[in-house]
Amino acid sequence: MKKQQISILTAVALCFLLTGCSTQEEQAYTQDFYAMDTAMRITAYGDNAADAVTECVSYINMLEADISRTRESSDIFALNHAEGNQTELSEQTADILQEALDLAAKTEGRFDPTIAPLSDLWGIGTEQAAVPAQEQIDKVLPLVDYTKVSLEGTTASIPAEAEIDLGGIGKGYAADHVIEILKENGVEQAIVALGGNVYVLGEKDRDTPWKVGITDPDNPGDSFATLSVSDTAVVTSGDYERYLEVDGKRYCHIFDPETGYSAETDLRSVTVVSPDSTSADAYTTALFVMGLEDAMEYCEQNRIEAVFVCKDHTVHVTDGLKSSFELQSTEYTYAE
Amino acid sequence: MSRTKRIALCGMLSALALALSLMERMIPLELLIPIPGIKLGLANVVTMFALLFLSPKEAYSILLCRVVLASLFAGSVTQFLFSLMGGLLALTTTWLLLHWHDRWFSFYGISAASAAMHNFGQILAAMLVMQTVDVIAYLPLLLVSSIPMGFVTGTILEVLQKHMRHLRLTSRDNAM
Amino acid sequence: MRNNTKLRLRWGDFLIFLAIIAAACGIWIHLAMLQTDQTYGEIWLDGELYQQFRLDGSVHKTVQLEGKATEVTIEVDGTQMRFTDSQCTDHTCEQTGWISRVGQTAVCLPNRVMLKITGSTTDADAVDVIVQ
């Protein structure tokens, strides 16, 4: 009898073990949420994934509270309504504003955080979107000038009628900090997608990079090419995101601060790859405004890696990305 | 057994079942099977005991008490549904199988069948709540786990039955 | 006391064990056979799953729902889905067009409605994320 008992008990124990070790694959935790006027998704792998992601979402909500243009309690709202007077900003807001100004200087104003009055005038993305009259543009254009923003420590001031919009680098900034939070929580693999701002942490598998798809400007739901990358941000700006179509002409939401009109170049989208998501965010805007030739030169001078999709359906890739880039769609041609 | 004694016993058993049910919550089955509220079904031991030493009516009442109280204390409507479905199926199966106890089935088999039906009930409830058939993917795993669970529960019942004869709690008129 | 405890298993017990294991295996095999490239189209409203369909070509319908701001219309055509008429302010959702592959999404921001394609896929070209 004893032998029988022992064998039965062993069988029972084994059964328990069986049930225990079945689904132990990578514990992935994903959260979809809405913030900063866009749909966001963070996927993290590892034991601490859930806690880490929750912390990230809290951070983003907190950041938005600081820099939102529309929330009355935000620093930026205060700054925009200060009528030329000095405003005290939180350290975080001051930090991001400083980065925005630095990047504006670096891109010679093609990325400009003071572009709000102009984009508001066009209203692209709202029901009031319309092509403004030249006089209206002329009136608003002088307000678009990042040099008139004064920032000393945490005290800032802008001209009375000017407005700051940090939406251009807000998501990039958020992504950089979210990655830090994930790392602090011991997460080694993650995919952070904040609207058009993607940051991939770690690798997909040992020696296997992540596959990031680039949106097809003709088919915004689909991707037409991929970049095999790890530990980097991938940011895109394109003319298909928000636009106004009048008489067959498309006016996109990226403006040329010099003309006051939507940037009209040979480009349809620009994708920047860099471990610094904040600057990548600003660069995509600036490069789009520059047009292909100037943009490629700028990239070479500043060692920026990017992918350019042109109106003639050609794709140009900077040297550093050539080996990671793969074209999938036959509708586009790769330009050597 | 006097009526008062029976009622008192039912009360005690309900409390015990409730305690087991709440204690079960500490076992993080959700890490393996991501259905919120999924449980191993330990409290079913009490239900089966009630079937053996009291009557089916009392067993069902204890089950109902336990399920309602558990979801009031620390649960939600979905919790209630899961426990109810699982508990009812388990209890009914046990009651049916007990008719052939000693000839065809031992407590081990009956307990295993009971645990299996409990899990089936939980998945069924999950399908209704989440409106998707796909939770059935977790059933194979749960089913396999009902065999060891059956041994655990069955052993408890065997031991109990042995000792119950010495106490004057049992009466001649039980469910068999 | 222990020497009396005989583990007496009856024939019926083994029947039960067998039945349980058979059921488990049966379900498992059935699911494994289904696993081949099954994609699902999902409609999410404000963070909660609203509806889910198999995108195996069998579902052809139009779904109308009240989003957070306005009404939204979604078309499911066998193996793909998209936003069609939406009363939202920017219509970016409609401009996204058809989505059909695992990982693709379309969003109507003002309404907090999101279309997702999920499922297992053996497509070697599948991307991990699309930067939009």
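**Figure 1. Asp207(A), an exposed residue of chain A in the predicted model.** Asp207(A) is exposed, with a relative accessible area of 68%; the model shown here and in the other views is predicted. Asp207(A) sits in the loop that links strand E7 (197–201) to strand E8 (210–216) of chain A. Its phi is near 65°, a positive value in a residue that is not glycine. Most residues other than glycine have a negative phi.

**Figure 2. Arg303(A), a residue with positive phi in the loop between helix H9 and strand E14 of chain A.** The loop that holds Arg303(A) runs between helix H9 (292–302) and strand E14 (305–310) of chain A. Arg303(A) is not a glycine, yet its phi is positive, at about 50°. The relative accessible area of Arg303(A) is 79%, so the residue counts as exposed, the cut-off being over 50%.

**Figure 3. Thr285(A), a buried residue of chain A.** Thr285(A) belongs to helix H8 (residues 277–290) of chain A. Its relative accessibility is 19%, and Thr285(A) counts as buried because the cut-off is under 20%. When neighbours within four places in sequence are left aside, Thr285(A) is in contact with Arg110(A), Phe111(A), Ser237(A) and Ile254(A).

**Figure 4. Chain A, the setting of Asp207(A), Arg303(A) and Thr285(A).** Nine helices and 17 strands make up the secondary structure of chain A. Chain A has 336 residues, of which 54% count as buried. Among its contacts with a separation of 6 or more, 59% are between residues 24 or more positions apart. Chain A has an accessible surface of about 15500 Å², and carbon and sulfur atoms account for 46% of this area.

**Figure 5. Packing of helix H3 and helix H5 in chain B.** Two packed helices are described by the angle between their axes and the distance between the axes. For helix H3 (residues 44–53) of chain B and helix H5 (residues 77–98) of chain B, the angle is about 35° and the axes are 10 Å apart. H3(B) and H5(B) cross in a right-handed sense. On H3(B), the contact is made by Asn44(B), Thr47(B), Met48(B), Leu51(B) and Leu52(B). On H5(B), the contact involves Gly87(B), Ala90(B), Leu91(B), Thr94(B), Trp95(B) and Leu98(B). Seven of the residues in the contact of H3(B) with H5(B) are nonpolar, four are polar and none is charged.

**Figure 6. Secondary structure and surface of chain C.** Chain C contains two helices and eight strands. Read from the N terminus, the order of elements in chain C is α-β-β-β-β-β-α-β-β-β. Of the 132 residues in chain C, 40% count as buried. Contacts between residues at least 24 apart make up 33% of those in chain C that join residues at least 6 apart in sequence.

**Figure 7. Confidence of the prediction in chain C.** Chain C has a mean pLDDT of 82, and 88% of its residues reach 70 or more. Among the elements of chain C, the lowest mean pLDDT, 82, belongs to strand E2 (residues 48–54) of chain C. Strand E4 (residues 71–77) of chain C has the highest among these elements, at 91. For the model, the ipTM is 0.81 and the pTM is 0.69.

Definitions and conventions. Residues numbered from 1 in each chain as written. Chains lettered and ligands numbered in written order. Predicted model: local features only at pLDDT ≥ 70, side-chain atom pairs only at ≥ 80, totals over all residues. Heavy atoms only, no water. Helix = DSSP H or I, 4+ residues; strand = E, 2+ residues; numbered from the N terminus. Buried < 20%, exposed > 50% of the residue type's maximum accessible area, 1.4 Å probe, protein only. Contact = heavy atoms within 4.5 Å. pLDDT = per-residue confidence, 0-100. Axes fitted to C-alpha atoms, helices over the stretch in contact; angles between N-to-C directions. Left-handed = near helix turned anticlockwise from the far one by under 90°. Nonpolar A, V, L, I, M, F, W, Y, C, P; charged D, E, K, R; others polar. Areas by Shrake-Rupley, 256 points an atom, 1.4 Å probe, with all protein chains shown as cover.
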